[in-house]
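Reader: Hey, I've just been handed this structure and I'm new to it. Could you walk me through it once it's up?

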Amino acid sequence: MTVPEAARVLAISRSKLYELLVSGAVRSLRIGGSRRIPVSALDDYVSGLLDQGGGGLMGKLRDGVMKRGKTWSYVIRVPAPETGVSKPKWVGGFATEDEAKAARDEARVKARRGEYIERNQVTVTDYLTEWLDTHSVQIKPKTLQMYRFLVDRYVVPRIGEMRLQAVRPATITKLYRDLSASGGRDGKGLSPRTVEYVHAVLRKAFRDAVEIEQLLPSNPVERAKRPRKKRSEPGEVWTPAQLKVFLEEAARSHRLWAFFHVAAYTGARRGELLCLRWPDVDLDSAEVRIARSVSVIDGRRVEGSTKSGRSRVVGLDAETVGVLRRHRAEQDRERQVLGEAWKGDPDGYVFTTAWGEPIHPDTVSSLMRQLIRRYNEPAQGPGPAERLPPARLHDLRHVHATTLLLAGVPVHLVAARLGHADPSVTLRVYAHVVREQMAAVADAFAQAVREGC
């Protein structure tokens, strides 16, 4: 730094600093025609003063506290994380000497415990940008895309310019309140679920700032108040009879009918089925191994692990085994007809386009809507006596889970079949089904006692 800058740091005049330079108390070097002072030289000088009780600097530094201009500052010695060598750290901006002393004492305790956090000017935007880049190799591409969207859309425009260390629980609480009131399109409020997603990202990011980067002493997001979230449950799902109508009448004639059948009879996710390969299917043992999933990122098909990050084996009923045998025979026939034009391979994907290519996930989602619409509104002839209610592809998974739970299958078995990381997830998502079962528990107990008498 220049001589005037160094003089301001030491709160002495430039002439006094030149005396120190001449005496050799502070080292300097010349760059061009100007004299500069290395920061390390200034640190060494201040360290010496601290060791001597602060007797220099024209008597202004007393026990690590001094007035610099109109405010007070303190300096402590903190071991550098890389070398362990103690270096002086200046912290200023205190209105009174007592405030500086109180902060100094607290900082000394933290320094002895190895908990001292050095002040810096890193902004929320700077930190979150680096945090996302660091995590790009640790989390799934689809999840990373969602993190970036939430940060760029809802966090950066509101608190991005703030210093990271200036963020308080009240700051985050106000952010959530603003998002809930006017954070969406056209000034409409965001749903509690979206605010909850923002909270989850910030909680993880700020936790890393505390535990890994050591930029913060504590996580302000943990103490922030967020909108009360409502537990979401699946809406009205098809009955087994409606599912049967869809499979046997609405979708039966389509070449991807087997896909919808397997989706309904296994409860597997869309991405898991579209990543399924024939080596993962053991028709003799009547089971499939689900180990991968596919998602859409920026319009591209991207493969990765399952949502839980773990593989699972799902058993098949005899009817589904037959469906898959016929589906493979039909796929082999398509491959033979196309010959060299076939773009797949015999041990490739179970569900492909007619040319053997992987299927884009959005294709099957939109196809289901089309099949329901065509069934309800046929091009020729009258429509069905009972129309199929609207349903998404993911609702086939809900039909599967709901039917099993109502049939009395234990929750932990349903959770394992669906690929939930923990049965508590299944209980939360399908709480309404569990409540229906619990309503009959009292009668079941009473009946068992009566029959035993």
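Reader: What's the order of strands in the open sheet of three strands?

Author: The order is β6-β7-β10, and the pairing is antiparallel. Strands pair here if DSSP finds at least two bridges between them. Helices (H or I, at least four residues) and strands (E, at least two) are DSSP runs, numbered from the N terminus. One caution: this is a predicted model, where local features need pLDDT of at least 70, side-chain atom pairs count only at pLDDT 80 or more, and totals for chains, interfaces and linings use all residues. Residues are numbered from 1 along each chain as its sequence is written, and side-chain values use heavy atoms, with hydrogens and water left out.

Reader: OK, and which strands are the edge strands?

Author: β6 (281-282) and β10 (312-315), since each pairs on one side only. β6 runs antiparallel to β7, with two bridges joining them. V281 has V288 in β7 as its bridge partner.

Reader: What do strands of a sheet pair through, anyway?

Author: Backbone hydrogen bonds, in either a parallel or an antiparallel arrangement.

Reader: Which strands form a hairpin?

Author: β8 and β9 do, with two residues between them. D298 sits in that turn and has a positive phi of about 55 degrees. The two strands, β8 (residues 292-297) and β9 (residues 300-305), pair in the antiparallel sense over six bridges. R292 is found opposite S305 of β9.

Reader: Let's zoom out. How many helices and strands does the chain have?

Author: 18 helices and ten strands. Of the chain's 453 residues, 40% count as buried, where buried means under 20% relative accessible area, exposed over 50%, and partly exposed in between (1.4 Å probe, protein chains only).

Reader: Which residues touch the most other members of the largest nonpolar core?

Author: W238, F246, F259, F260, F351 and M368, out of 44 residues in that core. The largest share of the core, seven residues, comes from α10. A nonpolar core is a set of buried Ala, Val, Leu, Ile, Met, Phe, Trp, Tyr and Cys residues joined through side-chain atoms within 4.5 Å. Apart from this core lies another one, of 32 residues, including L144 and Y147.

Reader: What does W238 touch?

Author: Leaving out residues up to four places away in sequence, its contacts include F246, M368, I372 and P389. Contact means heavy atoms within 4.5 Å.

Reader: How many aromatic pairs are there?

Author: Seven. Rings of Phe, Tyr and Trp (its six-membered ring) pair if their centres lie within 6.5 Å; planes under 30 degrees apart count as stacked, over 60 as edge-to-face and the rest as tilted. Y74 and F94 make a tilted pair, 5.7 Å centre to centre with 35 degrees between the planes. Y74 belongs to strand β4 (residues 71-79) and F94 to strand β5 (residues 86-94), 20 residues apart. Both Y74 and F94 are buried.

Reader: What about F259 and F351, stacked or edge-to-face?

Author: Edge-to-face: 5.3 Å centre to centre, 90 degrees between the planes. That pair links F259 in helix α10 with F351 in the loop between α12 (318-338) and α13 (361-376), 92 residues apart. Ring pairs also link F259 and F351 into a cluster with W238, F246 and F260.

Reader: Which rings have a charge over them?

Author: R252 lies over the face of W257, 3.9 Å from the ring centre. R277 has its charged end over the ring of Y349, 4.1 Å from the centre. The cut-off is NZ of Lys or CZ of Arg within 6 Å of the ring centre and within 35 degrees of the ring normal.

Reader: Last one: is E272 buried or exposed?

Author: E272 counts as buried because its relative accessible area is 2%. E272 is in helix α11 and touches I290, R292, S293, T306 and R312, not counting residues up to four places away in sequence.
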